[in-house]
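Let's take a walk through this structure together, one region at a time. Have the sequence and the 3D view open side by side as you read.

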Amino acid sequence: MQASILSSNSISNFCAKTVDFPPPSPTFVPFLGRVASSKLRFSMSSATGLRTVAVAAGGAAFDSEQDGGFQTLMDFMGKRGANVSSDLVILISHLQYAAKRIAALVASPFNSELGKQKGVGGTLGSTAGRDAPKPLDIVSNEIILAALQNSGKVTVMASEEEAEPVWITDDGPFVVVTDPLDGSRNIDASIPTGTIFGIYKHLVELDHLPTKEKALLNSLQSGNRLIAAGYVLYSSATMFCITFGSGTHAFTLDHSTGDFVLTHPSIKIPPRGQIYSVNDARYFDWPEGLRQYIDTVRQGKGQFPKKYSARYICSLVADLHRTLVYGGIAMNPRDHLRLVYEANPLSFLVEQAGGKGSDGKSRILSLQPVELHQRLPLFLGSVEDIEELESYGEIQQKVNPGYEV
Ligand SMILES: O=P(O)(O)OC[C@H]1O[C@](O)(COP(=O)(O)O)[C@@H](O)[C@@H]1O
């Protein structure tokens, strides 16, 4: 069957070609869905009939014939786009291994039994003994911690699942903050979940302090000191989305090889979307400004003269991933999400994609964390949508009655 994959009015970078569909090489498949939004170009090759040329971050091109059809996360870090230190390459390679283990865990037929044991047997306190089944977020925490330990590159890990930062080794060059399995409350319904992480430099100037103190201060660095951040989305595809401070790039897990393959180079969030994402069962606890904004865009009476749509998965990584791809706002206006583990890493990713991360008043990355598990309102998304929302004044929800669901 013949199909034209690109029309003549497509982005000027692309050459419109008629190719065999499905393509002769199955290795091409992961790229097909990205053609319109990425910087991939296609040209005909006499040998394979189809050749892929992609322009990665920093403009470095790779060629499918020379690279076997893909650019993996390891290729990207090692030689093509990110230009990161070998220490960071080692750390990320351990993190991607952890991500694959968690992806297998959340997809396991046995996970629902684990998930029901919330609050039992984990790091935060055990009442059922060592052999008790553990909830998935605790198991995920252990997987991440093991990966960081095995990397030899991490001094301290601060995790949403640990009351205190965990000191790992004195001479690791990095500090890692993480929410090992966000959205796990949805796991029984097979709704997407995600891992979030941020990477800072180890502050050697604090080395003289007692361990507890230096562990805490290393973990409380402001988001504008992040050197890398990412999330892993466990959904219909497992995606590893990362920034090293020069663009946001997403890689999709190829289950046949175990590689994360670059599918979304240099993500650019649309400057305006038409989607808002919020738990609007809380409408009557919202301040007037937020209610007015939502009422306005719902009716198509905002700065963008079309009615907005609502999407809310209640899984932050999934809600943000959709927002990066389609634009709009992903928000939680109450003091619920954590500055250190969620807001900072995700804001770094959003800013590197051209968007904004705000607490409704200030830029997230400029905030100085004062507590490890500090919570705050979070608004992430397209620049124009966030600015319009902020123009409504009070949008932070102060009433936080501790919802059960
Ligand atoms: O209950 P709300 O306010 O809708 O919050 C839902 C949010 O909480 C989360 O489940 C995170 O909560 P936890 O950090 O307690 O796991 C997000 O994934 C989701 O976006």
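In the largest nonpolar core, which has 42 residues, the ones that touch the most other members are Leu 91, Ile 92, Ile 199, Phe 240 and Phe 244. Helix α4 contributes the most to this core, with 11 residues. Another core lies apart from it, with 24 residues, including Val 317, Ala 343, Leu 346 and Leu 378. Please keep in mind throughout that this is a predicted model.

Let's stay with Ile 199 for a moment. Which residues does Ile 199 contact, once its neighbours within four places in sequence are set aside? From α4's part of the chain come Leu 88, Leu 91, Ile 92 and Leu 95.

Now for the chain as a whole. The protein chain holds 11 helices and 18 strands. Of its 405 residues, 54% count as buried. If you take the contacts between residues at least 6 apart in sequence, 60% of them join residues at least 24 apart.

Back to α4, which spans residues 86–106. One of its partners is helix α6, made of residues 136–151. The axes of these two helices come within 9 Å and cross at roughly 155°. An angle over 145 degrees counts as roughly antiparallel, and α4 and α6 are therefore roughly antiparallel to each other. Their crossing is right-handed. On the α4 side, the residues that meet α6 are Ile 90, Leu 91, His 94, Leu 95, Ala 98, Arg 101, Ile 102 and Leu 105. Across from them, α6 brings Leu 136, Val 139, Ser 140, Ile 143, Ile 144, Ala 147, Leu 148, Asn 150 and Ser 151. Sorted by class, this contact has 12 nonpolar, 4 polar and 1 charged residues. Here is some background for reading such lists: an α-helix has 3.6 residues a turn, so residues three or four places apart point the same way.

Next, find helix α9, residues 316–326. How many of its 11 residues are buried? The helix is mostly covered, with 9 of them buried. These are Leu 316, Val 317, Ala 318, Asp 319, Leu 320, His 321, Arg 322, Thr 323 and Leu 324. Helix α10, residues 339–352, has an axis that comes within 12 Å of the axis of α9, and the two cross at roughly 15°. That makes α9 roughly parallel to α10. The crossing of α9 and α10 is right-handed. Leu 316, Leu 320 and Leu 324 make the contact from α9, while Glu 342, Leu 346 and Val 350 make it from α10. By class, the residues of this contact are 5 nonpolar, no polar and 1 charged.

The two ends of α9 are worth a look as well. In the loop between β15 (309–310) and α9 sits Cys 314. Its phi is near 70°, a positive value in a residue other than glycine. Cys 314 counts as partly exposed, at 25% relative accessibility. Just after α9, Gly 327 also has a positive phi, of about 85°. For context, most residues other than glycine have a negative phi. Ser 190 is not a glycine either, yet its phi is positive, at about 55°. You will find Ser 190 in the loop between β8 (174–182) and β9 (193–201). Is Ser 190 buried or exposed? At 67% relative accessibility, Ser 190 counts as exposed.

Ser 159 belongs to strand β6, residues 154–159, and is buried, with a relative accessible area of 1%. Beyond its neighbours within four places in sequence, Ser 159 is in contact with Asn 141, Thr 178, Pro 180, Tyr 341 and His 373. Thr 178 is 19 residues from Ser 159 in sequence, and their C-alpha atoms are 4.8 Å apart.

Our last stop is Phe 70, in the loop between α2 (64–67) and α3 (73–80). Phe 70 is buried, with a relative accessible area of 12%. Its C-alpha atom is separated by 40 Å from that of Leu 216, which lies 146 residues away along the chain.

How values were computed: Residues numbered from 1 in each chain as written. Predicted model: local features only at pLDDT ≥ 70, side-chain atom pairs only at ≥ 80, totals over all residues. Heavy atoms only, no water. Axes fitted to C-alpha atoms, helices over the stretch in contact; angles between N-to-C directions. Helix = DSSP H or I, 4+ residues; strand = E, 2+ residues; numbered from the N terminus. Parallel < 35°, antiparallel > 145°, perpendicular 65-115°, else oblique. Left-handed = near helix turned anticlockwise from the far one by under 90°. Contact = heavy atoms within 4.5 Å. Nonpolar A, V, L, I, M, F, W, Y, C, P; charged D, E, K, R; others polar. Core = buried A, V, L, I, M, F, W, Y, C linked by side-chain atoms within 4.5 Å. Buried < 20%, exposed > 50% of the residue type's maximum accessible area, 1.4 Å probe, protein only.
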